[in-house]
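Student: Could we go through some side-chain contacts together, one question at a time?
Tutor: Gladly, let's look at the model first.

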Amino acid sequence: MLLAAYASLVALLVATLGLELFSRRTSAVTTATNPAFARFQHRFLCAYLPALAADWLQGPYLYKLYHHYRFMEGQIAILYVCGFASAVLLGPPAASLVDRLGRRMSCVLFSLSCAACCLTKLSRDYLVLAVGRVLGGLATALLFSAFEAWYVHEHMERHDFPAEWLAGTFARAAFWNNVLAVGAGVVATALAEWLGLSPVAPFVAAIPLLVLAAVLALKDWEENHGPPRALAKTCGDGLRCLLADGRVLLLGTVQALFESVVYIFIFLWTPVLDPHGPPLGIVFSSFMAASMLGSALQRVAVSARYRLQPVHLLALAVLLAFLALFMLTFSTGPGQESPAESFAAFLLLELACGFYFPSMGFLRRKVIPEKERAGVLHWFRVPLNLLACLGLLLLHGSDHRSGTRSIFALCAALMLLALLAVGRLFAIGRHDPELRLPPPQVTPEGPDL
């Protein structure tokens with residue numbers, strides 16, 4: 001497993017780099033060269049990227065840390081449930097808090113809550129660790145709302161830059177986010193294993209990055225606020241939109257089923273692979289590299305050269321995930337464990353995620369109206385987190401070895417339901433131009449001279 005982890009990471013990074021170079025060489029997208037915009041974008045990324053790096057550093061050794069503290073798998077499952085449940089309960093209030101408190105101060109609040117979450121990992125007290133998971137849920141909600149909201153407002157309202165330039169900034173942030181995710185796994189391994197420090201070391205290392213993000217936001221960003229929104233009205237409008245449009249309902253079904261399985265995978269990959277001795281940070285980096293490869297393949301597939309539709313790629317992602325989970329039901333059987341096959345299945349699942357997230361993002365932007373998007377996405381997350389919590393609670397009440405296989409079988413069944421839902425969406429997309437890529441723009445030819 002040690003050799004497999006390092007070899008997979010190198011191979012995936014080489015393949016991803018090749019695809020990135022190919023897609024950039026064939027891409028017709030032009031980037032903005034305005035110096036004022038470049039400075040503004042740089043100020044945003046300088047504070048945003050350390051926050052992302054701190055978040056990724058906490059991924060590889062979370063389960064390992066709880067196990068290091070001698071907690072049983074069922075107890076660890078409850079801690080994860082605390083995090084998922086807090087994401088459901090705190091998500092809508094956090095969105096309202098961002099608008100009222102101010103986007104910049106909300107970014108600082110993210111750094112404070114995430115740093116507090118990391119500090120709780122120094123304690124072996126179960127209640128303190130549970131509080132840390134709740135703080136982590138709040139921090140996650142702020143990370144994926146406050147930073148983007150601040151940037152969009154400054155870009156459009158204060159600086160009046162063209163709306164088309166937004167995509168360039170978020171594409172650049174997504175690229176560096178992937179790079180940071182891979183690097184975080186390597187750094188976490190260096191701290192926890194190569195230097196012989198405990199699994200808490202990556203969490204301590206995340207705190208200076210959070211301080212840096214907060215200081216840069218306070219120093220270089222202006223404050224802005226959003227319009228006050230009634231929480232009940234936002235959720236009510238979102239529910240009406242969800243029930244009124246069959247396409248939105250199908251997308252919500254696919255998201256709840258697919259992403260709940262991903263959340264369960266986040267919990268299970270460590271107990272499946274750790275007994276066989278791979279460096280967990282390198283395994284995590286391999287997962288992130290597989291996801292990067294999927295994203296690069298997705299960009300090539302939707303480019304002007306190939307023009308594959310996002311709904312087709314969404315179907316492919318769900319199919320790949322189903323195949324991965326089907327493999328895991330056999331590779332995790334009691335007394336018949338195959339860590340190499342399980343590792344390959346996990347890589348396939350991450351590859352599917354690389355296809356899934358950009359394709360789902362495109363379809364959501366197309367079919368969900370902007371003014372109802374916050375409410376609709378909240379309702380998407382409710383069944384998503386409930387399914388993830390249910391899966392972990394079932395694992396909590398079962399035997400470890402047989403329970404893991406049963407959970408993967410349940411996840412395969414959920415993914416099969418998602419495949420049926422995306423099949424229906426595929427049928428609708430054949431006759432719905434909103435679910436398809438816009439036609440390529442033809443540059444008019446000049447008159448003959």
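Student: Is Arg247 buried or exposed?
Tutor: This is a predicted model, where local features need pLDDT of at least 70, side-chain atom pairs count only at pLDDT 80 or more, and totals for chains, interfaces and linings use all residues. Residues are numbered from 1 along each chain as its sequence is written, and side-chain values use heavy atoms, with hydrogens and water left out. Buried means under 20% relative accessible area, exposed over 50%, and partly exposed in between (1.4 Å probe, protein chains only). Arg247 has 13% relative accessibility, so the label is buried.

Student: Which residue forms a salt bridge with Arg247?
Tutor: A salt bridge needs a side-chain nitrogen of Lys or Arg within 4 Å of a carboxyl oxygen of Asp or Glu. Here the closest N and O atoms are 2.9 Å apart. The partner, at 18% relative accessibility, also counts as buried: it is Asp245.

Student: How many residues apart are Asp237 and Arg240?
Tutor: Their side chains meet in a salt bridge at 2.3 Å, N to O. Both lie in helix α10 (residues 231-244); helices are DSSP runs of H or I with at least four residues, strands are runs of E with at least two, and both are numbered from the N terminus. Asp237 and Arg240 are separated by about one helical turn, because their spacing is 3 residues.

Student: Where does Lys219 stand, buried or exposed?
Tutor: Lys219 joins Asp220 in a salt bridge of 3.1 Å, N to O. Asp220 is partly exposed at 24%. Lys219 reaches 63% relative accessibility, so Lys219 is exposed.

Student: How many salt bridges does a search of the whole structure find?
Tutor: The bridges include Asp245 with Arg247 and Asp237 with Arg240. Searching the whole structure gives a count of 7.

Student: And the rings: how many aromatic pairs are there?
Tutor: Rings of Phe, Tyr and Trp (its six-membered ring) pair if their centres lie within 6.5 Å; planes under 30 degrees apart are stacked, over 60 edge-to-face, and the rest tilted. By this rule the total is 32.
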